[in-house]
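The following note comments on selected secondary-structure elements. Please read the points alongside the sequence and coordinates.

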Amino acid sequence: MKRVVGVVAGMATLVAGLVGPEGVAAGSDRTGHWGPPQRPLEWKQCPPETKSASGGLLGLGSARPTEPIGPARRGDRREPVQECAELRVPLDYREPYGQQITLALNRIKGSASRDGNHLGSLLVNPGGPGGEGLSLARYVAARLPKDVAARFDIIGFAPRGVAPSQPAMSCVDPARFYAPPRPDNVPRNDAEEQVLVGRARQYAEGCGNRWAWFLPYLTTENSARDMDAVRAALGEEKISYLGYSYGTYLGAVYATLFPQRVRRLVLDSVVDPDGVWYEANIAQDHSFDRRHRDFLAWVAEHDDVYKLGATQAAVSFAWYSMRSRLHDRPAGGVVGPSELDDVFSNGAYSDRLWPYLGAAFSSYVRNGDPSVLVKLFHLEAEIDAEEENSYAVYLGVECRDAAWPRSWDRWRADTRRAHAEAPFMAWPNAVYNAPCAFWPEKGGTPVKVGTSHLPPMLLIQAEHDAATPYQGALRMRRLFPTARLLTSSGGNHGVSLAGNACVDRQLAAYLRDAALSPQRRGRRGADATCPGEPEPRAALMKTTAGAPGTASHVSAVR
């Protein structure tokens, strides 16, 4: 996750002349928005829904709330009534009356009295970069306590470049470029490595050829200014914000630029603001590897179900042997080692997937049955047009936000070093981000996030989060003195509104009344803690054709 003021080349000096000590642009309108006066939004019936983008499969990723695969659970919450609108914003905030782009918004209105208990708008972002946010608004509205949801209008938005906002980026034909099985992310020799480098260069060139006019302005800072344009169009003096994963960095940048516009601020699964972005991905190699080992140990604990070995070492041997075999004989002709990486990296985001991953692993290794593995690939990791749009924006933002090494020799040396200690993710993560080595726009200077001019804010973090390691939350708290850090045990990415009752109670109390735990003396650990969710139950799986909305679904059998 990323960014900072002055992302556009040469912009730092200009911003210093435009932005005062409170972060309000000189010459802005009475709501503090820099740009043309905003017309009231025209809220209409929303178009038919499509499958939402999830952000990156690897990289920093997004914190889409993870639901079990298969039929809906009993007790699922109400389906909120939403309405949609579009907002025109400047492509370049230095030219506020110049070329405009369109943001897609949705709103679930709160029912509380506007002159009484209503607390204004709560903007939400799922991360990525590249998550669209509209489905998250519906999710948050459905899962907040009714009395809390009633006090907010919950606003989702698709950040610039992300469909259904326009323009929506696409750099390659995903059906051809990502046709499985792809080349192995872990090269065995120089020739295989050059294939991977060539694909990264090809993707970067595709983005440059199609989007040269757009790429210079695809930054976290501009997305934060887009958020303030949304606030102004809503007619709000202040907004509240709930961001997950990369959305925590976006929220931190917004709070830094516009501290006087913040009412409530919740950052869940917190990005390390000091690692934007190359260093963050190297740190992530190690945290993903640790979480993958947690999964392998869990499979070993349930050897009575999966029968892959009673120790982590034995299960690890089975996993890497499976991966090696898939190099020459892809499962079902579809799942090669790179597709396997994509499927199993999802398990680092949420242990709710572990029973399905364990079953796919066991079925393939013990019975030679690839069906569960192939079905999980299609359900969880297949790259379609929507995922490719998300990936294009992910790269566009990360490659532009900050400087990346332009020498592949540096990438190779750093990746080999990481791979020696963390083989699960080092090369896949490098390959995922490799287009930044060849990106047509050079990286800028990240925004120096942090301010003391904020109301109390809430940080939420799992102690063993792979995508956003725990140290990042500690660093973010130091930069925002009004922050309180709530941690939970476990490693799931995206903690709140995902089933942890303790975390959800504290989130609701903060949103409702700005109630937070006292600041811990010395600030060396969390200000408050919650237990994690219980580990998932081991189970074998069966696949069923023709489930509603998919080609198949996967369900548990005992």
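Is helix 12 largely enclosed by the rest of the structure or largely open, and how many of its 14 residues are buried?

1. The model is a predicted one. In it, eleven of the 14 residues of helix 12 are buried, so the helix is largely enclosed by the rest of the structure. Burial here denotes a relative accessible area under 20%. The buried residues are Trp354, Pro355, Tyr356, Leu357, Gly358, Ala359, Ala360, Phe361, Ser362, Ser363 and Tyr364.

2. As to geometry, helix 12 comprises residues 354–367. The distance from its first C-alpha to its last is 19 Å, close to the 20 Å expected at 1.5 Å a residue. Gly368 follows helix 12 and has a positive phi, near 65°.

3. Strand 8 pairs with strand 7 (residues 239–244) in the parallel sense, over five bridges. Within strand 8, Leu265 is the residue that stands opposite Tyr241. Helix 7, covering residues 246–257, forms a right-handed β-α-β unit together with strand 7 and strand 8.

4. Strand 8 also pairs with strand 9 (residues 457–462), again in the parallel sense, here over three bridges. Asp268 has Ile460 of strand 9 as its bridge partner.

Methods: Residues numbered from 1 in each chain as written. Predicted model: local features only at pLDDT ≥ 70, side-chain atom pairs only at ≥ 80, totals over all residues. Heavy atoms only, no water. Pairing = 2+ DSSP bridges. Helix = DSSP H or I, 4+ residues; strand = E, 2+ residues; numbered from the N terminus. Right-handed = clockwise from strand over helix to strand, strands pointing away. Expected span 1.5 Å × (residues − 1). Buried < 20%, exposed > 50% of the residue type's maximum accessible area, 1.4 Å probe, protein only.
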